[in-house]
Amino acid sequence: MNILTSTPISAQQKQVRSEQKPIVLVVDDDESLRISICDLLESVGIEAAGYASTQALMDANVLNRPGCIILDVRMPGLSGLDFQARLAASGISASIVFLTGYGDIPMTVQAMKAGAVEFLTKPVRDQTLLDAVSKAIEIDKEKRAEQFETDANVARYLTLTPRERQVMEAVVLGKLSKQIAFDLNITEITVKLHRSNLMRKMQTPFVTQLLRAWQSIPKDIRHDNPR
């Protein structure tokens with residue numbers, strides 16, 4: 001199955017996959033180098049898998065697993081930089097360490113601007129590569145944790161009634177219950193009831209937590225609020 005065209009996974013599936021052991025996906029058409037890198041990673045307890053091309057990686061359907069990708073720039077078929085762009089366009093956030101023998105400054109700038117963790121040139125010292133991989137895995141863990149929290153906040157937000165969403169927006173904007181009541185043409189007691197209900201549903205006992213949850217919810221979802 002091609003991950004770029006597969007059915008989106010649920011928040012629960014994302015959580016399960018985020019708890020999997022990290023894996024490093026090594027993509028390089030040089031078989032001996034691929035094997036060497038995988039052996040190096042496995043020697044320090046890091047699971048690794050090698051692929052001769054970006055297409056082979058896509059066909060393996062492993063891109064949702066936590067970890068990172070060690071990616072050559074020039075390969076048969078889709079190049080490393082083009083593959084990076086394809087992933088981003090498909091909404092797949094991957095921690096990528098580029099490793100190439102053909103790097104130049106414009107190529108490095110392009111890769112880093114697009115979110116690459118490191119851009120290394122061959123030959124590379126074992127420790128330099130291991131440090132880059134460790135950094136990339138940590139970044140991937142942080143991204144996945146943030147995404148899981150966002151997904152959870154969106155799911156909670158969608159359980160709110162239209163009025164509760166209106167009150168939530170007013171609360172995070174710093175408005176007092178009296179102001180909210182006037183703006184929505186309801187009583188102050190009703191505002192307090194909605195506020196209590198929405199904070200329970202959002203699992204945010206404090207307004208500071210409610211604000212963080214609000215900020216994590218994509219704007220298009222927040223703005224889809226009936227008036």
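Buried means under 20% relative accessible area, exposed means over 50%, and partly exposed is anything in between (1.4 Å probe, protein chains only). The model here is predicted, so to speak of local features takes a pLDDT of at least 70, side-chain atom pairs count only at pLDDT 80 or more, and totals for chains, interfaces and linings use all residues. Residues are numbered from 1 along each chain as its sequence is written, and side-chain values use heavy atoms, with hydrogens and water left out.

**Exercise 1. Work out which way the side chains of β1 point, and which strands β1 pairs with.**

Step 1: find the strand. β1 covers residues 23–27; strands (E, at least two residues) and helices (H or I, at least four) are DSSP runs, numbered from the N terminus.

Step 2: sort the side chains. Ile-23, Leu-25 and Val-27 point one way, Val-24 and Val-26 point the other way, and all are buried. In a regular strand, side chains alternate between the two faces of the sheet. With 5 of its 5 residues buried, β1 is largely enclosed by the rest of the structure.

Step 3: look for partners; two strands pair if DSSP finds at least two bridges between them. β1 runs parallel to β2 (residues 47–51) over 5 bridges, with Val-24 opposite Ala-48. β1 also runs parallel to β3 (residues 67–71), again joined by 5 bridges, and here Ile-23 sits opposite Gly-67.

**Exercise 2. Describe how α8 and α9 are arranged, and what kinds of residues meet there.**

Step 1: get the geometry. The axes of α8 (residues 177–184) and α9 (residues 188–201) come within 8 Å and cross at roughly 105°. Axes are lines fitted to C-alpha atoms, for helices over the stretch in contact, and angles run from 0 to 180 degrees between N-to-C directions.

Step 2: name the arrangement. α8 and α9 are therefore roughly perpendicular (65 to 115 degrees; under 35 is roughly parallel, over 145 roughly antiparallel, the rest oblique).

Step 3: list the contacts (heavy atoms within 4.5 Å). Ser-177, Lys-178, Ile-180 and Ala-181 of α8 meet Glu-188, Val-191, Lys-192 and Arg-195 of α9. These residues divide into 3 nonpolar, 1 polar and 4 charged.

How values were computed:
Ala, Val, Leu, Ile, Met, Phe, Trp, Tyr, Cys and Pro count as nonpolar, Asp, Glu, Lys and Arg as charged, and the others, Gly among them, as polar.
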